[in-house]
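I opened the model to look up a few points on helices, domains and backbone geometry. My entries follow in the order in which I took them.

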Amino acid sequence: MKTKHLSVLVLFVLLSLNLAGCWNSRELNELAIVSGIGIDRVMDTGKLRVTFQVVNPSATTTTQGASTNQSPISIYTVNDRTVFGALRRASKQATRQLFFAHAQLLVIGESLAEGGMKDVLDIFERSHELRLNTTVLVSRDTDAESILKVLLPQESVPSIGLGKKAENTSKVWGETPQVSVFETIKEITGGGGFTISGVRMLGNVEEGQKKASLEQTKAETSILISGQAVFNKGKLMNWIDGPEARGAQWILDKIYETNLNLDSGDQAKAIAVNVVFSKTKIKVEMRDGLPIFHIRINEEGNLNETQSAVNLSQNHEIRKLEAEMEKLTKKEVQEAFQAAQKAECDYFNLGNEFKRVNPAEWKKVEKDWNQIFAKGTLELQVHAFIRATGMRVTPLKAPE
Amino acid sequence: MAAQTKEKKQSQTADSNISSPLSGNLEDDLQHIRQGLGNSMDLIIRHFKMINADPQVAVIYMEGLTDKEFVDDFISHAMSFQSVSEEGRKLSTSQEVFHYIKEKALTPGKSQSLTDRSGLFEALLSGNTLVLVEGVPEALSGDTSGGEVRPVSEAGTQVSIRGSKESFTETISVNISLVRRRIKNPDLWVEPMKLGAVTQTNVAIMYIHGIADEDVLKKLKEKLKEIRVDSILESGYIEQLIEGTVYTPFPTLYNTERPDSVAGNLLDGRIAVFVDGTPFVLIAPATFFMFFHTVEDYYQRFDISTLIRLLRFLCFLISMFGPAIFVAALNFHQEMIPTPLLINLASQREGVPFPAFVEALMMEVTFEIIREAGIRLPSPIGQTVSIIGGLVLGQAAVQAGIVSPAMVIVVSLTGISSFTTPAFNMALSVRFLRFVIVIVAAFMGLYGIAILALMLVAHLCSLRSLGVPYMSPLGPFDPQAQKDTLIRSPIHFMKIRPRLADKSIARKKADKDRQGNQA
Amino acid sequence: MKKEIIGPSQMFAMIVLFEMGTAIVIPIGLESGHAVWLSILMALPGGVLLYLIYNDLYRQFPNLIISGYTRKILGKYIGWPLSLLYIPVLMFNGSRNLREAGDLLISASYDRTPILIINSIMIIAVMYILNKGIEVFARTAEIYFWIMMIMGLVCNGVVIMAGLVDFKNLFPLHYKDWMDALTSAYPNIWIFPFGELVCFTTVLPYLKKSGISGKMGVTAIILSGFLLCFTHAIEISVLGMDIYSRAAFPIYTTITLVNVANFIQRLDALVILTLIIGVFFKMSIYCFAATVITADLFKVKDYRRLVVPVGVIVLFTSFISAENYISHLNEGKVFLKYFLPAICAVVPILLFLVHRIRKRFGLYR
């Protein structure tokens, strides 16, 4: 009786397994691994031009004896109204089914960003294959397609390389953020403005997509992370660079590490301090219908280089440098803040903070927050500390 | 089936023919014995007359089963007494002679007198020497068993770095003594029985009275009594005959050839079954986790032992699920693999003509072939086979582009992992299950593996070994026993005996004694 | 046959697994905004109270399952048809759980596999284990309890380690949030998942020691309440309210975001595994409850003979009941609002009161 039951069950299992017949089974060598996606808008038709960067596994340097002369990536470009439509339409060009779970990079073309990029993000949320922690970049002065075409030195897969570039610079220089699709979606739904790192190309595409361009010490065409694209209501508004951009990062509490060149008594910008820790705290309060933003920044740094003869063994010299650090930080933050106010766009998401703390009050100002934000005042406090001066105390001196 | 029962009947009738009292007529009885054994050439019968007595005396023994020295001793003791008779009187009657031999003639080992013919055969075949005296319907049997047996040697299958080097032999009495030497306690009880209608194999149950669970013991005895087969040639016969669930890939009885392992298990309240003719002793009841423990765990320090034990469980999981998870990830869940690794794997698989599943199966089967081929061969050749098989075949297959290097890595890792399971029979069942799981993985991916694992655990939980839940002490959960299941805690934490059934906890004997001494 | 018995720790494991089953995967109590975690905590005392009522009824009739004492308390003519009502409700809820698991699997990974296959594989496992009996089931639950805990620890651990958690999303709580939390706690979260414990009225009679049922059960419910609260709080703090409320399976989205040192990432499989295990145990208990009640009402000696029919009905209900996940969710809203509370709360409370009154006034013959 019992064994009969068991055998019936086993039979059932086997039969249903046969039925299952591997619907979802896909062989690895039937897949084309997409490493990067670029989306541009075709101006006249309103369609999307979607570019896929596909890895050629046999030509990547990870394999022993990758002797094929193929390029490590191939590019497919497709026009369609929807992103998913484009994915499928790409089958006309690709020998294998495109596989998106490993897309490392999403490049939004400037043309698309200007017209609003919200709609193309839906598929990233909805699909289980596309990932939410894909890095997003906005192409600057060029289109997404060209960015994806260019080969990079060192990294055989350019999309991975670009993702690393974005991460690297945001971690040690702090002028541009590394933003993922998830964060972008969160910011768009949060209501305020936001910023995404820009990426630009030096040189031309034709040279950059040839493998030969990598055979020289300085690649013919190079891609670099450049500035932040400011979005207001999901549309690209303007670009910010330099101190303005770093100031914005400071307000957003996204500085992990950065370098400040400080003035000292005799020479300007001659002392390099590496900021290794920074924490920003924000409080928003409404007074007479206008917001006051209390921003407190605590930063700590190590002195890494000095070209001026400061006597670092003296405490008061260090104090002076710290004050200098505070001044410089303040200047950048204020610059960034004023730029945002001038543009009437709260891309620091200070509104969100206000909404969180005081939802009732927020309801009243929600509608024209950007205007109100532009009239708000900034109360900035910066505390800087220099923690270390490296392997030497006093700088070297030549006898006079 | 029918033929078997018929045979059994015949052998029973033969038994009843033999079973009759001795006649007292020496020639008759000898003739009977000769016939009973079919005039076998190893039956030795020696006649002689005593120096000062009339009655004919015959000594009977089986060559090879007996120790020649013993037999000679026995005979000379029985025969070479002085003509001086008891109380100065000459022995004349057969009875007197018989008594004299029985009382005075010293015999090595135990001796007894038999009156039944069937008893004679049993005694003879157990290596005893018989003395028959003309006119006495009784036989004197002295234990002279011996002959050529394998001496106690080092364990071949369960090797340990530290700990006793002895292992069991094929002789049951030696085996029992090996355990007794380790547990010098009167509570160590041994109950003999004979199993197998034809082979009449000596089987002994050994347990420590007061520690072994009475219920389990009763159940085991019942099960042993129920055995009705012609032959018991190895403990594996008994194992298969008394296990509760036949349709399971998992072994529900433990076997070992190490006396210290048996001793340890006896002290944990388990029962050992010795079978004559095999060095493998059965231990019951067995639980799942037992198969991952070795005696050496207790000889090394606890931290090392714990880590090694955990490593074994990890290896068990790898050897069970390794290839399946690899196939599932490769075919169903490519998104799970980190990008650089995926690109790497993809480039390896570029030229491979087979689906990953077929590749895995192929490699697994190849591996099994190499293993099976290596196991039966003498060890020098066996090593050659594994080198040719493993190195040459693997390397060539990869270079020829028939399999991807990653698959070779996975399969060989699985293979090596399966060797870490100390119990060979558990490793065997994993070997079998691995294929099932790979097939399921190829059809349903991780979901299939998860469901199959659930069913496997449910199956394991449904098993019982002589009434003790197989998955104990994890399911049913016993917090006390956790000290010696997945981990091995320091010995002074393990004063309480593991509970085998739902019984009151017995404390370790030493504790009891110590308390007794203090009181 | 030997009577099957369940130990206290097995009971504990079963309750925790049952509670965590689906509630950990799908968003619950959406009305309460970012205060979901608060409403879970608010619903907890109600859940405990409800369990104590079940437990009290069990202590009064230690050998009877719910359909048994319904007939005792309300009499044969009201009790029998009322008990009959349990069967479809329990089976339907079991099938809903199955459906949810199937849909997550399909949307997460098996998009080209028919739901029939996914669900039938699951139900085969359920039938297999129930065929082995409740005792084997309890032991399996005990082992999987630890596996679940370890996986939960790993999942939550990596999410925290990845630095995704932003507790700002959980606070501050204003008056409105408290009210919202309360309204979603009662009756929604109170019934799902706490009220669903009504299934355990059929398991309790198998307990080895009846005295421990109250204490063990309450501890298990409190533990699972806290675990649920913690997990959902983590989910909201990672995703933010907007994405949490739009996600079909927030825990899945949360785990996909994990990336620790570019190495520990893409742990989606862990979530799917959690779901499979949770749903498996939850559904098995539903099926068990339905089976035992049916066996009791129709006087079938061995409930195991009913396992296969019940399983097959649950399987087919699971994909016939709704044509897509959206209509499944909408059905669920109605079901959760009217049917489940009636069975989980109204009837047991009614039984409890009637029993007290009859006992007090000596109305039992």
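Entry 1, end of a helix in chain C. I began at Gly362(C), which sits just after α12(C) and takes a positive phi of about 60 degrees. Helices here are DSSP runs of H or I of at least four residues, strands are runs of E of at least two, and both are numbered from the N terminus.

Ground rules, noted once. The model is predicted: local features need pLDDT of at least 70, side-chain atom pairs count only at pLDDT 80 or more, and totals for chains, interfaces and linings use all residues. Residues are numbered from 1 along each chain as its sequence is written, chains are lettered from A and ligands numbered from 1 in the order in which they are written, and side-chain values use heavy atoms, with hydrogens and water left out.

At the N-terminal end I found Asn324(C) as the cap, with a side-chain oxygen 3.2 Å from the backbone nitrogen of Ile326(C). I then checked the length: α12 of chain C has 36 residues (325-360) and should span 52 Å at 1.5 Å a residue, which agrees with the 49 Å between its end C-alpha atoms. The expected span is 1.5 Å times one less than the number of residues. I also noted a kink of about 50 degrees in α12(C), centred on Pro341(C). The bend is the angle between axes fitted to the seven residues ending at a residue and the seven starting there.

Tyr186(C) and Pro187(C) are joined by a cis bond with omega about 0 degrees. The bond from Phe192(C) to Pro193(C) is cis too, with omega near 15 degrees. I placed Pro187(C) in helix α7 (residues 175-194) of chain C, and Pro193(C) is in helix α7 of chain C as well. Most peptide bonds are trans, and most residues other than glycine have a negative phi.

Glu344(A) is not glycine, yet its phi is near 55 degrees. I found Glu344(A) in the loop between α10 (315-343) and α11 (350-357) of chain A.

By an automatic or database assignment, chain A divides into domain 1 (26-240) and domain 2 (243-400). Their contact (heavy atoms within 4.5 Å) takes 21 residues from domain 1 of chain A and 20 residues from domain 2 of chain A. The two domains of chain A bury about 1,600 Å² between them, 51% of it on carbon and sulfur atoms. Buried area is the accessible area (1.4 Å probe) that two parts lose on being put together, summed over both. On the domain 1 side of chain A, Lys171(A), Trp173(A) and Ile240(A) lose the most area, together 28% of what that side buries.

Definitions and conventions
A polar contact is a pair of N or O atoms within 3.5 Å; within protein, one must be able to donate a hydrogen and the other to accept it, and residues adjacent in sequence count only if both atoms are side-chain atoms.
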